[in-house]
Amino acid sequence: GGDEALFNYLRKNTHYPSEALHSGVSGKVFVGFIIDTSGHILNAQVIGSCGNKSLDAEAVRVVSTIPQWNPGKQNNKPVNVLYILPIVFEMSGRTIKSIDSKIIDQNKNKYLGACYYNEGVKQFHAGNYVSAIKIFDIAINYNPSDIDALYNKGVSYFNLKQFSEGCVILKKIQELKNNSADELIKKYCSN
(Lines give C-alpha, C1' and ligand atoms only; values in the text may rest on other atoms or scores of the structure.)
Protein backbone atom coordinates (compact mmCIF):
# COMPACT_ATOMS: atom_id res chain seq x y z
CA GLY A 1 0.00 0.00 0.00
CA GLY A 2 0.86 3.66 0.30
CA ASP A 3 1.99 6.24 -2.24
CA GLU A 4 4.86 4.14 -3.56
CA ALA A 5 2.56 1.21 -4.39
CA LEU A 6 0.05 3.60 -5.98
CA PHE A 7 2.65 5.22 -8.21
CA ASN A 8 4.12 1.83 -9.17
CA TYR A 9 0.62 0.66 -10.14
CA LEU A 10 0.06 3.78 -12.23
CA ARG A 11 3.48 3.49 -13.94
CA LYS A 12 2.77 -0.12 -14.83
CA ASN A 13 -0.82 0.38 -16.01
CA THR A 14 -0.78 3.79 -17.71
CA HIS A 15 -0.52 3.53 -21.50
CA TYR A 16 0.70 6.52 -23.47
CA PRO A 17 -1.99 6.95 -26.15
CA SER A 18 -0.44 6.22 -29.56
CA GLU A 19 -2.15 9.26 -31.09
CA ALA A 20 -0.49 11.56 -28.53
CA LEU A 21 2.82 9.72 -28.78
CA HIS A 22 2.94 10.01 -32.59
CA SER A 23 1.95 13.68 -32.40
CA GLY A 24 4.63 14.43 -29.81
CA VAL A 25 2.04 15.57 -27.25
CA SER A 26 2.88 15.56 -23.55
CA GLY A 27 1.23 17.12 -20.54
CA LYS A 28 -0.18 16.84 -17.05
CA VAL A 29 -3.75 15.77 -16.29
CA PHE A 30 -5.33 16.28 -12.86
CA VAL A 31 -7.88 13.59 -12.06
CA GLY A 32 -10.21 14.13 -9.12
CA PHE A 33 -12.16 11.30 -7.53
CA ILE A 34 -13.83 10.25 -4.32
CA ILE A 35 -12.75 7.23 -2.29
CA ASP A 36 -16.02 6.06 -0.76
CA THR A 37 -16.57 4.56 2.68
CA SER A 38 -15.88 1.06 1.35
CA GLY A 39 -12.66 2.11 -0.44
CA HIS A 40 -13.99 2.20 -4.00
CA ILE A 41 -13.19 5.00 -6.44
CA LEU A 42 -16.20 7.08 -7.50
CA ASN A 43 -16.64 9.86 -10.01
CA ALA A 44 -13.14 9.89 -11.52
CA GLN A 45 -13.01 12.93 -13.77
CA VAL A 46 -10.59 15.37 -15.30
CA ILE A 47 -10.45 18.50 -13.18
CA GLY A 48 -7.41 19.97 -14.89
CA SER A 49 -6.85 19.10 -18.54
CA CYS A 50 -3.59 19.20 -20.42
CA GLY A 51 -5.57 20.06 -23.55
CA ASN A 52 -5.36 16.64 -25.19
CA LYS A 53 -8.45 14.41 -25.08
CA SER A 54 -6.55 11.14 -25.47
CA LEU A 55 -4.25 11.94 -22.51
CA ASP A 56 -7.25 13.07 -20.45
CA ALA A 57 -9.14 9.86 -21.27
CA GLU A 58 -6.16 7.64 -20.43
CA ALA A 59 -5.64 9.40 -17.09
CA VAL A 60 -9.28 8.82 -16.11
CA ARG A 61 -9.15 5.22 -17.37
CA VAL A 62 -6.10 4.25 -15.34
CA VAL A 63 -7.32 5.99 -12.17
CA SER A 64 -10.65 4.17 -12.52
CA THR A 65 -8.81 0.81 -12.51
CA ILE A 66 -6.92 1.40 -9.24
CA PRO A 67 -7.71 -1.45 -6.84
CA GLN A 68 -9.78 -0.88 -3.71
CA TRP A 69 -8.30 1.49 -1.11
CA ASN A 70 -8.51 1.49 2.64
CA PRO A 71 -11.27 4.02 3.30
CA GLY A 72 -10.55 7.28 5.09
CA LYS A 73 -11.75 7.55 8.67
CA GLN A 74 -12.96 10.37 10.86
CA ASN A 75 -13.80 9.67 14.51
CA ASN A 76 -13.13 5.98 13.73
CA LYS A 77 -15.93 5.94 11.13
CA PRO A 78 -15.31 5.47 7.39
CA VAL A 79 -15.85 8.67 5.39
CA ASN A 80 -15.70 9.67 1.74
CA VAL A 81 -12.39 11.30 0.84
CA LEU A 82 -11.67 13.51 -2.16
CA TYR A 83 -8.37 12.84 -3.87
CA ILE A 84 -6.65 14.73 -6.68
CA LEU A 85 -3.96 12.93 -8.59
CA PRO A 86 -1.73 14.54 -11.23
CA ILE A 87 -0.82 12.16 -14.06
CA VAL A 88 2.18 13.39 -16.05
CA PHE A 89 2.77 12.20 -19.60
CA GLU A 90 6.30 12.89 -20.86
CA MET A 91 7.75 11.96 -24.24
CA SER A 92 10.71 10.18 -22.65
CA GLY A 93 8.17 7.84 -21.10
CA ARG A 94 5.38 8.29 -18.66
CA THR A 95 5.94 9.35 -15.12
CA ILE A 96 3.54 9.69 -12.27
CA LYS A 97 4.50 12.38 -9.81
CA SER A 98 3.38 12.80 -6.26
CA ILE A 99 0.81 15.37 -5.29
CA ASP A 100 2.31 18.79 -4.80
CA SER A 101 -0.05 21.42 -3.44
CA LYS A 102 1.91 24.11 -5.29
CA ILE A 103 1.05 22.43 -8.59
CA ILE A 104 -2.69 22.58 -8.02
CA ASP A 105 -3.70 26.09 -9.04
CA GLN A 106 -5.86 28.71 -7.34
CA ASN A 107 -9.03 27.14 -8.72
CA LYS A 108 -8.57 24.10 -6.48
CA ASN A 109 -11.61 24.90 -4.37
CA LYS A 110 -13.84 25.14 -7.43
CA TYR A 111 -12.52 21.80 -8.66
CA LEU A 112 -13.05 20.16 -5.29
CA GLY A 113 -16.50 21.68 -5.04
CA ALA A 114 -17.37 20.40 -8.52
CA CYS A 115 -16.34 16.85 -7.58
CA TYR A 116 -18.57 16.92 -4.54
CA TYR A 117 -21.38 18.64 -6.45
CA ASN A 118 -21.39 15.84 -9.03
CA GLU A 119 -21.57 13.22 -6.30
CA GLY A 120 -24.41 15.17 -4.63
CA VAL A 121 -26.34 15.18 -7.91
CA LYS A 122 -26.02 11.39 -8.10
CA GLN A 123 -27.43 11.08 -4.58
CA PHE A 124 -30.20 13.56 -5.42
CA HIS A 125 -31.25 11.61 -8.54
CA ALA A 126 -31.20 8.38 -6.53
CA GLY A 127 -33.64 9.97 -4.06
CA ASN A 128 -31.07 10.00 -1.24
CA TYR A 129 -31.85 13.59 -0.25
CA VAL A 130 -30.25 13.50 3.21
CA SER A 131 -26.97 12.28 1.69
CA ALA A 132 -27.29 14.79 -1.14
CA ILE A 133 -27.67 17.66 1.36
CA LYS A 134 -24.54 16.58 3.22
CA ILE A 135 -22.53 16.31 0.02
CA PHE A 136 -23.85 19.63 -1.34
CA ASP A 137 -22.76 21.17 1.99
CA ILE A 138 -19.21 20.03 1.31
CA ALA A 139 -19.37 21.43 -2.23
CA ILE A 140 -20.63 24.76 -0.86
CA ASN A 141 -17.85 24.84 1.73
CA TYR A 142 -15.35 24.66 -1.13
CA ASN A 143 -17.23 27.15 -3.30
CA PRO A 144 -19.76 29.27 -1.34
CA SER A 145 -21.05 30.94 -4.52
CA ASP A 146 -21.95 27.65 -6.25
CA ILE A 147 -25.52 28.50 -7.27
CA ASP A 148 -26.24 24.97 -8.52
CA ALA A 149 -25.16 23.32 -5.25
CA LEU A 150 -27.22 25.81 -3.24
CA TYR A 151 -30.25 25.33 -5.48
CA ASN A 152 -30.11 21.52 -5.36
CA LYS A 153 -29.56 21.57 -1.62
CA GLY A 154 -32.66 23.74 -1.23
CA VAL A 155 -34.73 21.47 -3.48
CA SER A 156 -33.48 18.44 -1.52
CA TYR A 157 -34.92 20.01 1.62
CA PHE A 158 -38.21 20.60 -0.22
CA ASN A 159 -38.28 16.93 -1.27
CA LEU A 160 -37.91 16.03 2.42
CA LYS A 161 -40.82 18.41 3.20
CA GLN A 162 -38.45 20.62 5.21
CA PHE A 163 -39.60 23.85 3.59
CA SER A 164 -38.17 26.33 6.08
CA GLU A 165 -34.65 24.89 5.69
CA GLY A 166 -35.04 24.88 1.91
CA CYS A 167 -36.18 28.50 1.93
CA VAL A 168 -33.15 29.59 3.96
CA ILE A 169 -30.85 28.01 1.36
CA LEU A 170 -32.70 29.40 -1.66
CA LYS A 171 -32.68 32.91 -0.18
CA LYS A 172 -28.87 32.68 -0.10
CA ILE A 173 -29.05 32.42 -3.90
CA GLN A 174 -30.93 35.72 -4.00
CA GLU A 175 -28.22 37.25 -1.78
CA LEU A 176 -25.73 36.29 -4.50
CA LYS A 177 -27.75 38.45 -6.94
CA ASN A 178 -29.06 35.44 -8.84
CA ASN A 179 -32.75 35.03 -9.66
CA SER A 180 -32.77 31.29 -10.47
CA ALA A 181 -34.59 30.44 -7.22
CA ASP A 182 -37.15 33.25 -7.34
CA GLU A 183 -40.00 31.07 -8.61
CA LEU A 184 -39.51 28.43 -5.90
CA ILE A 185 -39.20 31.11 -3.24
CA LYS A 186 -42.51 32.66 -4.35
CA LYS A 187 -44.20 29.25 -4.33
CA TYR A 188 -42.88 27.83 -1.05
CA CYS A 189 -41.42 30.59 1.10
CA SER A 190 -43.58 33.11 2.90
CA ASN A 191 -42.11 36.56 3.63
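One definition to begin: buried means under 20% relative accessible area, exposed means over 50%, and partly exposed lies in between, with a 1.4 Å probe and protein chains only. This is a predicted model, where local features need pLDDT of at least 70, side-chain atom pairs count only at pLDDT 80 or more, and totals for chains, interfaces and linings use all residues. Residues are numbered from 1 along each chain as its sequence is written, and side-chain values use heavy atoms, with hydrogens and water left out.

Cysteines, then. Cysteine 50 is partly exposed, at 25%. Cysteine 167 is buried, at 7%. Cysteine 189 is buried too, at 10%.

How many disulfides does a search of the whole structure find? One. A disulfide here is a pair of cysteine sulfur atoms within 2.5 Å. Cysteine 167 and cysteine 189 form it, with their sulfur atoms 1.9 Å apart. The link is left-handed, with -95° about the S-S bond. It joins distant parts of the chain: cysteine 167 sits in helix α7, cysteine 189 in the segment after α8, 22 residues apart.

Now the cores. A nonpolar core is a set of buried Ala, Val, Leu, Ile, Met, Phe, Trp, Tyr and Cys residues joined through side-chain atoms within 4.5 Å. The largest has 31 residues, and Phe136 and Leu170 touch the most other members. Apart from it lies another core, of 21 residues, including Ala20 and Ile87.

Last, phenylalanine 136. Leaving aside neighbours within four places in sequence, phenylalanine 136 is in contact (heavy atoms within 4.5 Å) with residues including Tyr117, Phe124 and Ser156.

Key: Helix = DSSP H or I, 4+ residues; strand = E, 2+ residues; numbered from the N terminus.
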